[in-house]
Amino acid sequence: MTRTPTPSDTSAAAAAPEDNWLHLDGQICFSLHAASRAFNGVYRVLLKDLGLTYPQYLVMLVLWERGETPVKKLGEHLRLDSGTLSPLLKRLEAAGLVRRERSARDERSVEVRLTEKGAAMREPALQVPRRIFQATGFDVGELRELRERLDQLTSTLDSAALDSAALDSAALEEMPGSP
């Protein structure tokens, strides 16, 4: 049984009709989306005992690593805008895990810091990355390589988004399978 070539089949991609580029199973973005959803499903189970959602866990990771952090910097680290971050922080504050206060140095800036309860949560949270590692079925080297490749992809895509010339029609015409 033959299957339709996808863009991931580099040798077949050059000869593939252009409409094959629109197959869902050939989209890297969908593969990343599906993997992200699968990760979120595992995190949901693991974080339930901590009473955290995945985005709240990410906030806690930054605070455990860096300590007191301005909201603006927290948003930059997590790649979240203030409209998304503010409700997260509000829920963490209501749970008694963080405290938000205006900076004494700059009243325009709001600092986020862990409470004692939030700091104490670090120890039980240590089991989360260990169990995620086990759930992936990858070895340490494979995970390190994957993370490095994803970081590289993120950086490249960020640059492409900032450089509209990288996405012009000339670049698209150079893709395999283009007429």
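Modeller: First, a term: contact means heavy atoms within 4.5 Å. This is a predicted model, in which local features need pLDDT of at least 70, side-chain atom pairs count only at pLDDT 80 or more, and totals for chains, interfaces and linings use all residues. Residues are numbered from 1 along each chain as its sequence is written, and side-chain values use heavy atoms, with hydrogens and water left out.

Colleague: OK, how many helices and strands are there in the chain?

Modeller: Both are DSSP runs numbered from the N terminus, with helices being H or I of at least four residues and strands being E of at least two. Along the sequence the pattern goes α-α-α-β-α-α-β-β-α-α-α-α-α. That comes to 10 helices and 3 strands.

Colleague: How is helix 2 angled to helix 8?

Modeller: Axes are lines fitted to C-alpha atoms, for helices over the stretch in contact, and angles run from 0 to 180 degrees between N-to-C directions. Under 35 degrees is roughly parallel, over 145 roughly antiparallel, 65 to 115 roughly perpendicular and the rest oblique. The axes of helix 2 (residues 28–48) and helix 8 (residues 127–136) come within 10 Å and cross at roughly 140°. So helix 2 counts, relative to helix 8, as oblique.

Colleague: And which residues in helix 8 does helix 2 meet?

Modeller: On the helix 2 side you have Phe39, Val42, Tyr43, Leu46 and Leu47. Their partners in helix 8 are Gln127, Val128, Arg131, Ile132, Ala135 and Thr136.

Colleague: Leaving aside neighbours within four places in sequence, what is Val128 in contact with?

Modeller: Val128 belongs to the helix 8 side of that meeting. With those neighbours set aside, the contacts of Val128 are Tyr43, Leu46, Leu47, Leu50 and Tyr57.

Colleague: How does helix 3 lie to helix 4?

Modeller: Leu58, Val59, Val62 and Arg66 in helix 3 meet Leu74, His77 and Leu78 in helix 4. The two axes come within 10 Å and cross at roughly 115°. That makes helix 3, relative to helix 4, roughly perpendicular.
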